[in-house]
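Please read them with the coordinates open.

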Amino acid sequence: MGSIHGSLKLIYGSSGEWRAKNVKKAILDLCNNKDKIWVPEDDYAVVNNLENLIEAITNKGDEGLPLIEAKRIDFGDGEFKVAIDNRISLRDSDVFYFLDIHTNDYSRLSKRVLESQIGLDTISGAKASRVTYVVPLFPYARQERRTGHEPQSARAMVRMYETLGADSIMTMDLHAPTITGFGTCMDFEHLKIRELFIDYIKKNIGEGDDIVLCAPDAGAGKITGYYVRNLNCELITGFKRRNLSSIDEIDIFDLPNIDCSGKKAIIIDDLISTGGTMLKAAKKLYMERGAEQVFAFATHPVMPGNAFNNFSNAYSEGYFHGLVVGDTVYRDPVGLKYKWFTTIDTSKRFAQAIIQKHIGGSVELLHYKDRT
Ligand code: R5P
């Protein structure tokens, strides 16, 4: 017996296998090192649920935490279905469904959105008691506002996921946290990468007066407060205006005239697309504000088209010194042998969150209790 939501099961779709396997491994590691899992000791139900989970995993090992494929089967006319082996029962289970929307193959992004939605229909139709869709980079999150005759696509996504049976979305560093309120009953588990980045910065770059933090635009400015407090450093916030007829182009970019000489500059943003924002900020910090070195940090390395080349060129030109990102966009690691590129593994963070959700603990408190 698992928690009141039934036994824990992980399901993956076509682009979710890699992440589901990593997170499963991290869950098994945590259950085998129980003292790394936070529980409120006076809450009998939570402690009991954790004991049940650990027992299932210890008694049955790998099989105590099933990892199930939701297979996409393509038809000749372009349609497809998502099917799970009929011999596997999902009834009354606590299901976590993995399918990444963003990978290096952007031509199939829309197909993956549809697959994730049809997959949810399959899972909820199989009578799982609770379904959480794990998607580190929520699709269409940058379209959370409506201007004129335009869609509010992030809200449309939330509505579709909710209608098709997701009880919850587990995601990381949403571009706009207001998206968490777009559903009627579906909730969000909104994880953050910030503790992992801060540990990395302290170990590898510095803190306090040795560094200066840069939010390249007002949006990024909203996430930098936690960094400034924990790194105890100065903050520079940039101004950016996009070209409305070509959304990937930046018309105006500027930074306040603050002297950064003798300091390492760290640019923080939630997402990198073309790299234009980061590289404009890097160039200004190094060439005009006198920063000694410039490092960029972003949770989601979307980076289509020429983005990797643009960073490589900036590295060769000498005004940019390193990019650190989360592993929230799947790419074949073989193609990622750049000196300037570092990926931070987030699977333990997702594993902790899944355990907390399953045992009825606290996902939010992870950001205070878990610094590893
Ligand atoms: C926008 O508000 C985001 O936070 C990023 O700054 C933006 O998406 C980055 O795009 P790009 O890399 O194309 O400049």
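Predicted model: local features only at pLDDT ≥ 70, side-chain atom pairs only at ≥ 80, totals over all residues.

1. Where the shell comes from.

2. Overall make-up. The protein chain has 11 helices and 16 strands. Its C-alpha atoms fill a box of roughly 65 × 55 × 40 Å along the principal axes. The radius of gyration is 21 Å, and this agrees with the value near 21 Å for a compact globule of 372 residues.

3. Burial and contact range. Of the 372 residues in the protein chain, 41% are buried. Now take the contacts between residues at least 6 apart in sequence. Of these, 69% join residues at least 24 apart.

4. The α1/α10 pair. Helix α1 covers residues 17-32, and helix α10 covers residues 347-359. Their axes come within 8 Å and cross at roughly 65°. The crossing of α1 past α10 is right-handed. On the α1 side, the contact uses N22, V23, A26, I27 and L30. On the α10 side, it uses S347, K348, F350, A351, Q352, I354 and I355. The residues of this contact divide into 8 nonpolar, 3 polar and 1 charged.

5. K348. This residue sits in helix α10 and takes part in the contact with α1. Is K348 buried, exposed or partly exposed? It counts as partly exposed, because it has 19 C-beta neighbours inside 10 Å and burial needs 20 or more. K348 and L30 lie 318 residues apart in sequence, yet their C-alpha atoms are 8.4 Å apart in space.

6. D29. Helix α1 also contains D29. D29 has 13 C-beta neighbours inside 10 Å, so it counts as partly exposed. S153 is 124 residues from D29 in sequence, and the C-alpha to C-alpha distance between the two is 38 Å.

7. S14. This serine belongs to the loop between β1 (8-12) and α1. S14 counts as buried because it has 21 C-beta neighbours inside 10 Å. Which residues does S14 contact, leaving aside its neighbours within four places in sequence? They are R72 and E115. E364 is 350 residues from S14 along the chain, and their C-alpha atoms are separated by 29 Å.

8. Most residues other than glycine have a negative phi. K127 is a residue other than glycine with a positive value, near 70°. K127 is placed in the loop between α3 (109-125) and β6 (130-134). With 12 other C-beta atoms within 10 Å, K127 is exposed. I would look at its backbone in the viewer.

9. Positive phi, second case. M303 is not a glycine either, and its phi is positive at about 45°. Where does M303 lie? M303 is in the loop between β14 (293-301) and α9 (307-317). It is buried, because 24 other C-beta atoms lie within 10 Å.

10. A291. This alanine is found in the loop between α8 and β14. A291 counts as buried because it has 27 C-beta neighbours inside 10 Å. Not counting residues up to four places away in sequence, A291 touches V212, C260, K263, K264, A265, L285 and Y286. A291 and Y319 are 28 residues apart in sequence, with 9.2 Å between their C-alpha atoms.

Key: Residues numbered from 1 in each chain as written. Axes fitted to C-alpha atoms, helices over the stretch in contact; angles between N-to-C directions. Helix = DSSP H or I, 4+ residues; strand = E, 2+ residues; numbered from the N terminus. Left-handed = near helix turned anticlockwise from the far one by under 90°. Contact = placed C-beta atoms within 7 Å. Nonpolar A, V, L, I, M, F, W, Y, C, P; charged D, E, K, R; others polar. Rg over C-alpha atoms; globule rule 2.2 N^0.38 Å.
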